[in-house]
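Subject: Structure handover

Hello,

Here is the structure I promised to pass on. Please open it first, then read my notes below.

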Amino acid sequence: MAGQENQQYTVLYGRLSQEDERAGESNSIQHQRDLLEKYARDKGFENTLFLADDGYSGTNFERPAFKKMIEDAKAGKIDTVIVKDFSRFGRDYIGVGDYLEQVFPLLGIRFISLNNNYDSKEYIGKTMGLDMAINNLVNNLYSKDISKKLKSALKVKWKNGKW
């Protein structure tokens, strides 16, 4: 991106929480980067920047790379955001919906989620649709379920005198 300070760019955003890491290689930051960069090349997105939050939960938006992306978006530096899937962007149902249906459209930012076959360009003037809303809700519930299971496992360890 050197020498292109005034030109808008496309963000390729990846995220991996510690819980996601246990799900295997398909969610790794490197896998996400490779997938997003290949898609960008194949679709002609030339001015890209890969941003990633490694080790951060998707249940909130307090992530360094995410904050940079939003700061740049508000400054008019970004034209498109591409993610592997909605869960990489976030697992907060309401927050993700706000970004996809209000914030990004207001800022004129196109949002693409590869595995969800979602491109906001196809939803201009419409809501994201019931299938996408359900997908985001499932991501939200998944993170809550993982949290309960993790707390339960820790309680068992503590009761057994282990840390």
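The protein chain exposes about 9,600 Å², and 51% of that comes from carbon and sulfur atoms. Please keep in mind that this is a predicted model. Of the 163 residues in the protein chain, 40% count as buried.

Fold first. The protein chain holds 6 helices and 5 strands. Along the sequence they run β-α-α-β-α-β-α-α-β-β-α. Take the contacts in the protein chain with a separation of 6 or more: 70% of them join residues 24 or more positions apart.

Now the interior. In general, nonpolar side chains of soluble globular proteins tend to be buried together. Here, the largest nonpolar core has 22 residues. M69, V81, F89, F104 and F111 have the most contacts inside it. At least two residues of this core come from each of strand 1 (9-16), helix 3 (64-74), strand 3 (78-83), helix 4 and helix 5 (93-107). Helix 3 gives the largest share, 5 residues. There is also a second, separate core. That one has 10 residues, including L12, L16, A40 and I112.

Next, the aromatics. A search of the whole structure finds 15 aromatic pairs. F86 and F111 are one of them: the ring centres are 6.2 Å apart and the planes meet at 10°. An angle under 30 degrees counts as stacked, so F86 and F111 are a stacked pair. This pair links distant parts of the chain. F86 is in helix 4 (residues 86-89), F111 is in strand 4 (residues 110-113), and 25 residues separate them. Both F86 and F111 are buried.

F111 has another ring partner, Y118. Their centres are 6.3 Å apart, with 55° between the planes, and the pair is tilted. Are these two residues buried or exposed? F111 has a relative accessibility of 1%, so it counts as buried. Y118 is buried too, with a relative accessible area of 3%.

What else does F111 touch? Leaving aside neighbours within four places in sequence, F111 is in contact with V81, V83, F86, F89, L100, F104, Y118, D119 and S120. F86 and Y118 are thus on the contact list as well as being ring partners of F111.

The ring pairs also join up. They link Y13, F61, F66, F86, F89, Y99, F104, F111 and Y118 into a cluster. One member of that cluster, F66, has a charge over its ring: the charged end of R63 sits 4.8 Å from the ring centre.

Two more sites to look at.

S87 lies in helix 4. Its relative accessibility is 7%, so S87 counts as buried. The side chain of S87 makes a polar contact with the side chain of R88, at 3.2 Å.

N117 is in the loop between strand 4 and strand 5 (118-119). Its phi is positive, about 50°, although N117 is not a glycine. Which side of the cut-offs does N117 fall on, buried or exposed? At 65% relative accessibility, N117 counts as exposed.

Best wishes

Notes:
Residues are numbered from 1 along each chain as its sequence is written. This is a predicted model: local features need pLDDT of at least 70, side-chain atom pairs count only at pLDDT 80 or more; totals for chains, interfaces and linings use all residues. Side-chain values use heavy atoms; hydrogens and water are left out. Rings of Phe, Tyr and Trp (its six-membered ring) pair if their centres lie within 6.5 Å; planes under 30 degrees apart count as stacked, over 60 as edge-to-face and the rest as tilted. Helices (H or I, at least four residues) and strands (E, at least two) are DSSP runs, numbered from the N terminus. Buried means under 20% relative accessible area, exposed over 50%, partly exposed in between (1.4 Å probe, protein chains only). A charge sits over a ring if NZ of Lys or CZ of Arg is within 6 Å of the ring centre and within 35 degrees of the ring normal. A nonpolar core is a set of buried Ala, Val, Leu, Ile, Met, Phe, Trp, Tyr and Cys residues joined through side-chain atoms within 4.5 Å. Contact means heavy atoms within 4.5 Å. Accessible areas come from the Shrake-Rupley method with a 1.4 Å probe; for residues, only the protein chains shown count as cover. A polar contact is a pair of N or O atoms within 3.5 Å; within protein, one must be able to donate a hydrogen and the other to accept it, and residues adjacent in sequence count only if both atoms are side-chain atoms.
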